[in-house]
Amino acid sequence: MGIRITGSESGIGAAVQRKEDGRFMRRLGRYVADIDLPGMLEVCFARSPVAHARIGAIEGPPCAKDRIFRAADLAGVKPVHAESTLGGFKAAAYPALASGKVRFVGEPVVMCVADSRAAAEDLEQEALIEYEDLDAVTTVEAASA
């Protein structure tokens with residue numbers, strides 16, 4: 001059983017036969033959030049509220065020093081590197097957390113880890129991140145410069 005979403009014949013909005021809906025509609029599906037393993041922790045990310053800024057000081061509650069992580073704390077973590085077979089696609093490395101500056105609203109800056117989702121969200125709310133606003137880059141010419 002699947003749900004058919006209709007739209008254009010190809011590309012964005014094209015009709016796509018969805019395969020996962022049936023199991024979720026019958027309550028047989030499982031989300032990642034449903035998985036609970038022994039010793040498993042929850043994570044919440046503090047994300048940039050601004051489009052372009054230098055990252056200043058990052059502070060969290062003293063009792064959570066080993067539960068709040070910055071880009072420098074993830075030195076051994078390799079960035080995600082997207083690949084595509086589409087012509088003209090230029091791959092770019094995407095780090096797990098912003099380092100030095102943020103480049104878009106919502107970019108992850110700090111990772112907060114705790115025993116429960118609620119505790120991780122509380123840590124995220126307590127993380128204090130200083131931002132020094134930079135001018136927005138709105139043209140290809142400005143980005144190239």
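Is Tyr 31 buried or exposed? At 52% relative accessibility, Tyr 31 comes out as exposed. A few notes from going through the model, which is a predicted one.

1. **The Tyr 31 ring pair.** The partner of Tyr 31 is Phe 24, with the ring centres 4.5 Å apart. Their planes sit at 35°, so this pair goes down as tilted. Phe 24 has a relative accessibility of 23%, so it counts as partly exposed.

2. **The other ring pair.** Searching the whole structure turns up 2 aromatic pairs. Besides the one above, Tyr 94 and Phe 104 have ring centres 6.4 Å apart and planes at 25°, so they are classed as stacked. This pair links distant parts of the chain, 10 residues apart: Tyr 94 belongs to strand 7 (residues 93-94), while Phe 104 is in the loop between strand 8 (101-102) and strand 9 (108-114). Tyr 94 is partly exposed at 39%, and Phe 104 is partly exposed too, with a relative accessible area of 33%.

3. **Cysteines.** How many disulfides does a search of the whole structure find? The count is 0. For Cys 44, the nearest cysteine sulfur belongs to Cys 112 and is 6.2 Å away. A disulfide would need the two sulfur atoms within 2.5 Å. Cys 63 also has Cys 112 as its closest cysteine, but at 12 Å between sulfurs, which is too far for a bond.

4. **The 8-4-10 sheet.** Here 3 strands make an open, antiparallel sheet in the order 8-4-10. Strand 8 and strand 10 (128-133) are the edges, each pairing on one side only. Strand 4 (residues 53-59) and strand 8 are joined by 2 bridges in the antiparallel sense. Within this part of the sheet, Arg 54 faces Lys 101 of strand 8.

5. **Other salt bridges.** The whole-structure search gives 4 salt bridges. Among them is Arg 117 with Glu 121, at 2.9 Å from N to O. These two residues lie in helix 2 (residues 117-126), 4 residues apart, or about one turn of the helix. Arg 117 is partly exposed at 39%, and Glu 121 is partly exposed at 35%. Another of the salt bridges joins Asp 73 and Arg 70, with an N to O distance of 3.7 Å. Asp 73 shows 44% relative accessible area and is partly exposed; Arg 70, at 28%, is partly exposed as well.

6. **A nonpolar patch.** Which residues make the nonpolar surface patch of about 360 Å²? They are Val 32, Ile 35, Leu 37 and Met 40. Met 40 is found in the loop between helix 1 (21-25) and strand 3 (42-47). Its relative accessibility of 33% makes Met 40 partly exposed.

Technical notes: Residues numbered from 1 in each chain as written. Predicted model: local features only at pLDDT ≥ 70, side-chain atom pairs only at ≥ 80, totals over all residues. Heavy atoms only, no water. Patch = residues over 30% accessible without salt bridge, like charges linked within 9 Å, V, L, I, M, F, W, Y side chains within 5 Å. Areas by Shrake-Rupley, 256 points an atom, 1.4 Å probe, with all protein chains shown as cover. Salt bridge = Lys/Arg side-chain N within 4 Å of Asp/Glu carboxyl O. Buried < 20%, exposed > 50% of the residue type's maximum accessible area, 1.4 Å probe, protein only. Phe/Tyr/Trp six-rings, centres within 6.5 Å; stacked < 30°, edge-to-face > 60°. Pairing = 2+ DSSP bridges.
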